[in-house]
Amino acid sequence: MSFTEFKGRFSCKLRTREMLRRFVQNQKSFSRTAVMIATPSHGNLGDQAIVYAQKRFLADALPSFSVFEIQRYQYELARERIQGMVRPSDIIVVDGGGNVGTLWPEENDIINDIVSRFADRSVLVFPQTAYFEDSERGQECERKTAAVYRSNPNLVYFSRDRRTFETIGRLTPDTPNYYVPDIVPYINDAPFSTERSGALLCLRADKERALDDEAVKTIDSVLVELGIQAGRTSTVVAEPTRIYEGNRDAVLSAKWAQFSTSELVITDRLHGMYFSAITGTPCVALDNLSHKVSQGFEWIERIPNVRLARTPDEIPVLAREALAAGPSRYSRAPLDPVYGQMREVIRRAVE
């Protein structure tokens, strides 16, 4: 083990010890807690925005509850102690995202561990996309995941797209399962600017990518034709190396400010599309491997300056339409009824 690795592990242990100390104090101070378990510390700002929005949502839905966050590495280091500290009156919250299935198997394993470990507690799985590959491996993952979900009679599941809603309904029909939006569009106070210039390309570089190099060249040529200077960005950042409660708001605000000062965003990332929407930025979105972008678009298709391109060939026309619509302040109002239903489901689950 290198000195850097040793230092990193030692630091994680210290931060976990401090978290446990704060958790003890929290449990003494509050009669009921919504425990957000295994939140990310990595630089995927879509995932970080989910945590940010979940905290807002839980504070609105359960004002009598404390909301306490335990990051994933802390859970992995101290899961038995954490299990012993969670009371029957508490609820467990599993982060939303695209973490169920075979695309990100380690994340799926963590969720399964939480659901099974807290089978005697109320567990809320926030809006998820599930993707199981069409293979023997995918079928085995389906069987294991379904068995875990069925083992917890107190599980409540929120699916953020129709395909996931149908998949979970098929795998575990007795689990309460609701079709709702991703939680990030719950954010209604992201920055908005009238001073904008240039375009942002926010494209995937991981295994969920569905665009090839030729498609990216097409996008570049479209922007040249439109006379718009283009820059690259990502909803995944390398710095800071660890994101947590103390710096999350600042990191997200900086990224949203970048989106809010752009004329146009072209993205194949779900949260690239949602960051555009909540900052009022004209956007053309393209689908990714798990189709979560196209399915997530269904929730915001009424926004006039956000367009979905089914193929790169559609980008020129849709980019002009999005630009013509111009920047517009985001309103959560069309989604408030379904978020309200989600709040009521959660309140009933903790009665």
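Biologist: How far apart are the mean positions of the positive and negative charges of the chain?
Modeller: They are 7 Å apart in this predicted model. The chain carries 45 positive and 46 negative charges. Lys and Arg count as positive, Asp and Glu as negative.

Biologist: Why does the radius of gyration of the chain agree with a compact globule?
Modeller: Take the 351 residues. The rule is 2.2 Å times the number of residues to the power 0.38. For this length a compact globule would have a value near 20 Å, and the chain has 21 Å, so the two agree. The C-alpha trace spans about 60 × 45 × 40 Å along its principal axes.

Biologist: What share of the residues counts as buried?
Modeller: Of the 351 residues, 57% do. The cut-off is under 20% relative accessible area. The accessible surface of the chain comes to about 15,400 Å², and carbon and sulfur atoms hold 50% of it.

Biologist: What makes up the contacts with a separation of 6 or more?
Modeller: Residues 24 or more positions apart account for 75% of them. The chain itself has twelve helices and twelve strands.

Biologist: Why is Asn152 called buried?
Modeller: Its relative accessibility is 3%, and buried means under 20%, so Asn152 counts as buried. Asn152 sits in the loop between helix H5 (136–151) and strand E6 (155–159).

Biologist: Which backbone oxygens does the side chain of Asn152 reach?
Modeller: One is that of Val115, at 2.9 Å. The other oxygen belongs to Phe118, at 3.2 Å. A polar contact needs N or O atoms within 3.5 Å, so the Val115 pair qualifies. The Phe118 pair qualifies because 3.2 Å is also within 3.5 Å. Beyond four places in sequence, Asn152 is in contact with Val115, Phe118, Ala119, Arg121 and Val123.

Biologist: How do you know whether Ala53 is buried or exposed?
Modeller: Its relative accessible area is 0%, and the cut-off for buried is under 20%, so Ala53 is buried. Ala53 lies in helix H2 (residues 45–61). Not counting residues up to four places away in sequence, Ala53 touches Ile183, Val184, Tyr186 and Ile187.

Biologist: How far is Ala53 from Asp220?
Modeller: Their C-alpha atoms are separated by 33 Å. Along the chain, Ala53 and Asp220 are 167 residues apart.

Biologist: Why does Ala38 count as buried?
Modeller: Its relative accessibility is 14%, under the 20% limit, so Ala38 is buried. Ala38 belongs to strand E1 (residues 33–39).

Biologist: What is the phi of Ala38?
Modeller: Phi is near 70°. That is a positive value in a residue other than glycine.

Biologist: What kind of peptide bond joins Glu239 and Pro240?
Modeller: A cis bond, with omega about -5°. Pro240 is in the loop between strand E9 (230–233) and helix H8 (248–260).

Definitions and conventions
Residues numbered from 1 in each chain as written. Predicted model: local features only at pLDDT ≥ 70, side-chain atom pairs only at ≥ 80, totals over all residues. Heavy atoms only, no water. Helix = DSSP H or I, 4+ residues; strand = E, 2+ residues; numbered from the N terminus. Buried < 20%, exposed > 50% of the residue type's maximum accessible area, 1.4 Å probe, protein only. Contact = heavy atoms within 4.5 Å. Areas by Shrake-Rupley, 256 points an atom, 1.4 Å probe, with all protein chains shown as cover. Charge placed at Lys NZ, Arg CZ, Asp CG, Glu CD. Polar contact = N/O pair within 3.5 Å; in protein donor to acceptor, adjacent residues only side chain to side chain.
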